[in-house]
Protein chains: 2
Amino acid sequence: MTQTNPNPLLPAVLDRIDADLDGALDRLLALLRIPSISTDPAYKADCARAADWLVEDLTAMGFDASKRPTPGHPMVVAHAGPDAGADVPHLLFYGHYDVQPVDPLDLWDRDPFDPQVQDTPKGRVIRARGASDDKGQLMTFVEACRAWTAEHGSLPCRITIFFEGEEESGSPSLVPFLKDNADELAADVALICDTGLFADKVPAIITQLRGLLGEELTITGPAKDLHSGMYGGAAMNPIRVLSKVLASLHDDTGRITVPGFYDGVPEIPADLRGAWEGLSFDHKGFLGEVGLSELAGEEGRMALEMLWSRPTCEINGIKGGYTGDGFKTVLPSQASAKVSFRLVGDQDPHRIREAFRTMVEGMIPSDCSVSFKAHGASPAGRMDTSGPAFEPARAALGDEWNMPAAYVGCGGSIPIAGYFKTHLGMDAMLIGFGRDDDQIHSPNEKYDVESFHKGMRSWARILAALSAKT
Amino acid sequence: MTQTNPNPLLPAVLDRIDADLDGALDRLLALLRIPSISTDPAYKADCARAADWLVEDLTAMGFDASKRPTPGHPMVVAHAGPDAGADVPHLLFYGHYDVQPVDPLDLWDRDPFDPQVQDTPKGRVIRARGASDDKGQLMTFVEACRAWTAEHGSLPCRITIFFEGEEESGSPSLVPFLKDNADELAADVALICDTGLFADKVPAIITQLRGLLGEELTITGPAKDLHSGMYGGAAMNPIRVLSKVLASLHDDTGRITVPGFYDGVPEIPADLRGAWEGLSFDHKGFLGEVGLSELAGEEGRMALEMLWSRPTCEINGIKGGYTGDGFKTVLPSQASAKVSFRLVGDQDPHRIREAFRTMVEGMIPSDCSVSFKAHGASPAGRMDTSGPAFEPARAALGDEWNMPAAYVGCGGSIPIAGYFKTHLGMDAMLIGFGRDDDQIHSPNEKYDVESFHKGMRSWARILAALSAKT
């Protein structure tokens, strides 16, 4: 491919990134040592410590950076670059410094918060919780800014960095914070680095995201745990009720049975279907990497539809009764499950929540009760690729990876993109360098050093491309 | 009622039991302080300590007592009374010194192993894990022996005491130990104290017990935990599979669907049905005490049938995925459940185990696998009340409680009774003083001081009755 972006300042920045890779790795490892698990209150101080670390690092690079309190974990906001009057674009970069829990801990090969750069048959990787999701990814942008500033004394455009610390726990403070600080945060376009490459060496810009609805249900039967020898056969067992409820969520063809669930689910347009077919997605290989072979979704749908454009219902956790070693003939008082729905098109998360609750309540026998706890509700999102940033960014990614960047869908839910549009009026570009085998949300999470290194270089190129006068 | 057993040695023994109640409580509390949870390997040393405590106590009373090693937790065996040649009966007394786990610990009002005698609106109770099941009960017999020996210098018959430490964890060492020590343990009749009164003040001898089959199943889908945003919709979720399996175990009428499960399940004879109807069992009150009101068993069966003579299937525990605070959109690799079946009549636990496993295996999709772990398999038991010990013991109980003792069924499973018959050739009498509200296997377990006190007196009377020359 020809270089599409001959910005004269860029080569020195790329050289500096190459020369300082070890320094960048050291800084990332320091951030990874902080166990900023946002969903677990025991790690509250660690989340604040991660925010402090970022503020200090950004300040040292010349950003006007600060930690902003919220009712939950703090935000980090930092500004740098030419003043508002200058004729350069204003970019907002978003990432999150919080990480997923680490259980089951016994499946980790090492302490999740003792990061290490390891040689593997597939290349060097950074091994730690958060290496890929999202500390390694957010640091690709920070390091690109560092190299640019170090080399040229300033950034080529106005940049606002915005890090949150609650992405892995439903982002309860995010929308109020965006509303309260809309003037400060609104920019020409948002850059979000929390996604992956399309394939091993193929960069991607996500243009379609699924929404997410989380529900926790607890079924209560007897007022206390009972002895199954004394009560078994006569007293209702809440695990039995919960099993019936959960087993009813999918029919035999894999369709979800919540009434009205498919309202607003579009069929993908013919051209997009053609484009996805053209990606020659290897679903056997994708599933084979995790020990599976059969598509488990709705009958008659292609794999990328299941992953990107069809809604899902997953049971993310279940517990009830005695689950320790050995056996205990208990008839438990309670059983609970966490259920999430990935949403597409115009599905309304709030209507689905109500329909789900009504359906479950209708299945509870008279001697049991059910309670619900809401865990987030975000609709699906779709980006407008005709915006001015998309094609230059796509070209810049192509320069770095020697492969045209793909516009792709994503099965995950990154509600921030929708919030930026709704509350700050700006489009978002989702660009990331994770890989399918990064084991995010799983034991032994890693981030390829190549992803980290080429990610930094990608952002340097994108900054150059978006700052170029056209 | 007239006193049916005018043994001249008895009144002084009963008086001594009354006078030494506080001493007996102190001794029980000392035993209750030892956290002998047999199912959890972390408490192995505590189980051994409970056995040591009993050996020491029995030795001090004049028993020839010893701790016997097994591959699991030790047995305690102790002998006392006239030599083998004497013309007195030989009784074997069985109890277990191990206790159930204590979770959920946050539902206990106090440390489960810091026992206390408490005043309650219903009378004084001993509050601790194991107070009723089975330390308080086994000590009723030990204290009766202590009083008899202290008062008269010797016991009125030959007594062998046999305590196990694995009853709450499937008794893996029991049958081999009985086989290896059959000559030492065989007696004229076995006395087992691990059951309850029929009603608040109505003593009972259990003549019918349900069997127990325990199974743990683990379903594995993906080779590791996955991110539901990345894989959800395409990859099979083992919790979904497990829910379908568990939901299928009962049909809509409450019948269990395992093929052949009801083979060998008898209808209760007309006379027994009449007797049970005569007990005027208050199932609304029974269920109401634990916050329930509706019978959950097979349609058309009376409550005592559900509890005593019909087989059951209960899910005792379930786990999978993320179950901590907050939410984690994991698609887990594994999900597992503990399932138990209470068996009656001639149901064959081994055939049912095979049928259950075959049924489950038939429900597992191609991308998942299932593994099973066996947790005990004992058939149901029925006692022959025409044996010489039953009527005298029943009369002795009637003397103590001023109510005729009932011959009743029991929903629980006490396989030891069957093992005594099979391996030692002796019948067993199951006599205990627990109450329905003892919360055994639950938080805040208790044993009424009245149960403890009148239990000791009951055993003193039974020893007198069974030793009487007829």
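**Two chains and their interface**

Between chain A and chain B, about 7,800 Å² of area is buried, and carbon and sulfur atoms give 54% of that. Buried area here is the accessible area, taken with a 1.4 Å probe, that two parts lose on being put together, summed over both. In chain A, the residues that lose the most area to chain B are R240(A), F327(A) and K328(A), together 10% of what that side buries.

Before going on, some ground rules. This is a predicted model, in which local features need pLDDT of at least 70 and side-chain atom pairs count only at pLDDT 80 or more, while totals for chains, interfaces and linings use all residues. Residues are numbered from 1 along each chain as its sequence is written, chains are lettered from A and ligands numbered from 1 in the order in which they are written, and side-chain values use heavy atoms, with hydrogens and water left out.

Back to the interface. How many residues of chain A are in contact with chain B? There are 86, and they touch 86 residues of chain B, where contact means heavy atoms within 4.5 Å. Across this interface there are 43 residue pairs in polar contact, both residues at pLDDT 80 or more. A polar contact is a pair of N or O atoms within 3.5 Å; within protein, one must be able to donate a hydrogen and the other to accept it, and residues adjacent in sequence count only if both atoms are side-chain atoms. Strand β11 of chain A, residues 312–321, gives the largest share of the side that touches chain B, nine residues. Helices (H or I, at least four residues) and strands (E, at least two) are DSSP runs, numbered from the N terminus. By class, that side of chain A has 33 nonpolar, 33 polar and 20 charged residues. Ala, Val, Leu, Ile, Met, Phe, Trp, Tyr, Cys and Pro count as nonpolar, Asp, Glu, Lys and Arg as charged, and the others, Gly among them, as polar.

**How the copies are related**

Chain A superposes on chain B by a rotation of 179° with 0.0 Å of shift along the axis, at an RMSD of 0.1 Å. That is the relation of a two-fold axis.

**Inside chain A**

Chain A is assigned domain 1 (10–209 + 381–467) and domain 2 (211–265 + 311–378); such bounds come from an automatic or database domain assignment. Their centres, taken over C-alpha atoms, are 35 Å apart. Six residues from domain 1 of chain A and five residues from domain 2 of chain A make the contact. About 370 Å² is buried between these two domains, with 45% from carbon and sulfur atoms.

**Salt bridges**

Side chains of opposite charge can pair when their charged atoms come close. A salt bridge is a side-chain nitrogen of Lys or Arg within 4 Å of a carboxyl oxygen of Asp or Glu. Over all chains the structure holds 66 salt bridges, but the count between chain A and chain B is zero. One of the 66 joins D52(A) and K67(A), with the closest N and O atoms 3.0 Å apart. D52(A) is in helix α3 (residues 44–60) and K67(A) in strand β1 (residues 64–68) of chain A, so the pair ties together parts that are 15 residues apart in sequence.

**Backbone details**

In chain B, the peptide bond from D103(B) to P104(B) is cis, with omega near -5°.

Key:
Least-squares fit on C-alpha atoms with pLDDT ≥ 70 in both.
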